[in-house]
Amino acid sequence: MGSATINSPVTTPFTLHVIPRDQHTISRKDISPNALRVLYRLRESGFGAYLVGGAVRDLLVDGRPKDFDVATDATPEQVKQLFRNCRLIGRRFRLAHVVFGREIIEVATFRANSDDGSGDREVENGMLVRDNVYGSIEDDAVRRDFTCNALYYAIEDFSVRDYVGGFEDVMARRMRLIGDPEQRYREDPVRMLRAVRLAAKLGFEIDGPTAEPIPRLATLLNEAAPARLFEEVLKLFLAGHGVASFEGLERYGLLQVLFPESAAALKSNRTGALRRMVIAGLRSTDERVANDEPVSPAFLFALLLWPAFCRTLIGLQKQGLAPEEAQRRAADRVTLHQLSTIALPRRFSLPMQEIWLLQSRFASRQRKRVFRTLTHPRFRAAFDFLVLRQVASPEHEQDIAFWQEAQQQNGRELESSLESIHAEVDAEQDGEAPRRRRRRRRRPGGAVSGE
Ligand code: ATP
Ligand code: MG
């Protein structure tokens with residue numbers, strides 16, 4: 001390993017470690033051909049050209065990167081001149097996107113993380129609000145979050161350049177923040193979620209000093225932009241490692257900040273049934289991702305906020321509200337409260353609520369209602385949800401069997417099986433106030449109970 005000491009403007013001396021080609025596992029055949037094209041073109045034109053960030057990290061742990069980012073000392077304008085298929089994006093910090101059909105290679109000019117007094121970088125209450133100064137490769141490395149995200153694969157000699165000890169950390173499967181952890185979380189609280197998410201995704205441990213401030217600083221997340229938190233939640237839970245993400249969020253006190261009402265409901269649920277249901281739902285989502293099956297944000301949020309919904313609903317029912325009204329209000333209230341932390345767009349919150357509200361319809365066998373439920377656009381998702389609820393309380397077995405069959409039957413078969421159910425119920429009811437019983441069946445019941 002070659003080594004040289006560089007004095008970065010952040011005042012900490014950083015030692016460059018060069019890991020030569022024969023001492024790491026990154027091979028050009030695992031790199032997107034388009035990224036290689038960009039790297040070679042920059043290099044031929046006399047610029048420094050490196051693969052950087054998540055791609056280098058993922059390649060070192062044998063993962064398949066989902067995108068390939070490039071870092072260079074060429075300015076965005078210089079990059080644009082080299083590639084016809086290039087557009088510049090971003091107002092505050094210009095980035096070059098080199099477009100190859102559906103693949104975009106992001107090319108970023110080395111950026112510094114130090115305040116040079118030009119006003120291009122602003123810190124408010126310790127939070128970074130603008131970040132807009134070009135710098136050297138060392139500057140670019142130290143402004144990144146975790147050491148494993150700050151490795152550079154150089155196209156000139158196929159070596160890995162490491163300014164922050166990231167290579168050793170990746171080998172030890174360790175997440176470590178660059179610099180002072182508390183300060184780095186204060187600058188950008190979302191880094192706490194990134195720590196948990198990347199540890200879950202990579203199977204890494206969060207290093208002691210990097211983990212320690214998280215429970216203490218967790219509430220800083222309330223200051224993060226709700227739209228950014230929504231994106232981050234999707235990455236936490238819909239990328240194939242949802243169970244591990246959930247456990248990490250619980251462990252570091254982040255769940256109660258992201259989903260306060262659900263966390264409270266989970267805590268007060270003594271049997272642990274609700275938590276079992278959430279974990280089962282996340283596990284099946286992880287399996288779907290592994291099998292390349294589609295997953296939906298609406299279903300995910302229905303699952304994560306179900307404990308909050310149940311708890312709110314019980315409260316409203318205790319106040320004497322009719323079941324249907326209580327359900328609608330509980331759904332609206334939980335959605336509204338959640339919006340103050342996470343910006344869940346309406347195109348997801350509406351189907352989420354439909355999944356909840358359909359649950360109470362599964363108890364009904366009334367002909368018209370059965371057909372309406374079956375043809376509801378959210379039927380399939382709501383039925384899958386019912387199957388999950390069975391994990392929390394085994395009282396849904398008969399409903400599951402009925403709707404399972406109903407889906408497979410054609411209209412005529414279903415008509416006749418409903419007729420026979422009604423005949424049975426009528427026979428049972430003979431002589432015991434049939435009128436009242438029947439009317440009650442027609443009304444949607446409070447099937448969503450305190451499970
Ligand atoms: P993923 O596998 O989810 O894409 P990633 O590490 O590539 O993980 P990105 O959000 O694509 O995550 O970010 C690319 C790189 O930008 C990171 O590897 C890291 O070096 C840097 N980065 C991202 N977010 C931050 C942040 N909040 N603070 C500092 N550096 C960051
Ligand atoms: Mg990435």
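Let me start at the ligand: the side chain of K66 has an N or O atom 2.8 Å from an oxygen atom of ligand 1. Keep in mind that this is a predicted model. R194 also faces an oxygen atom of the ligand, with a polar side-chain atom at 3.1 Å. With D145 the contact goes through the backbone, where an N or O atom sits 3.2 Å from a nitrogen atom of ligand 1.

How much of ligand 1 does the protein bury? On its own the ligand exposes 590 Å², and 83% of that is buried by the protein.

Now the shell. Ligand 1 is surrounded by 16 residues, and the closest of them are R57, K66, D188, R197 and K201. Which elements give two or more residues to this shell? They are α2, residues 54–60, α7, residues 190–202, and α10, residues 226–237. The largest share comes from α7, with 5 residues. By class, the shell around ligand 1 holds 12 charged residues, 3 polar and 1 nonpolar.

One of those elements, α10, takes us to the next topic, helix packing. Two packed helices are described by the angle between their axes and the distance between the axes. For α10 and α15, the latter spanning residues 297–304, the angle is about 90 degrees and the axes are 11 Å apart. Angles from 65 to 115 degrees count as roughly perpendicular, so α10 is roughly perpendicular to α15.

Which residues meet there? From α10 they are F230, V233, L234 and F237, and from α15 they are P297, L300, F301 and L304. The contact of α10 with α15 has 8 nonpolar residues, with no polar and no charged ones.

Last, two notes on the backbone. Most residues other than glycine have a negative phi. F158, which is not a glycine, has a positive phi, near 60 degrees. Where is F158? F158 lies in the loop between β12, residues 151–154, and β13, residues 160–162. D292 is not a glycine either, and its phi is positive at about 60 degrees. The loop that holds D292 runs between α14, residues 273–290, and α15. That is the helix whose residues P297, L300, F301 and L304 meet α10.

Methods:
Residues numbered from 1 in each chain as written. Chains lettered and ligands numbered in written order. Predicted model: local features only at pLDDT ≥ 70, side-chain atom pairs only at ≥ 80, totals over all residues. Heavy atoms only, no water. Near = heavy atom within 4 Å. Polar contact = N/O pair within 3.5 Å; in protein donor to acceptor, adjacent residues only side chain to side chain. Areas by Shrake-Rupley, 256 points an atom, 1.4 Å probe, with all protein chains shown as cover. Helix = DSSP H or I, 4+ residues; strand = E, 2+ residues; numbered from the N terminus. Nonpolar A, V, L, I, M, F, W, Y, C, P; charged D, E, K, R; others polar. Axes fitted to C-alpha atoms, helices over the stretch in contact; angles between N-to-C directions. Parallel < 35°, antiparallel > 145°, perpendicular 65-115°, else oblique. Contact = heavy atoms within 4.5 Å.
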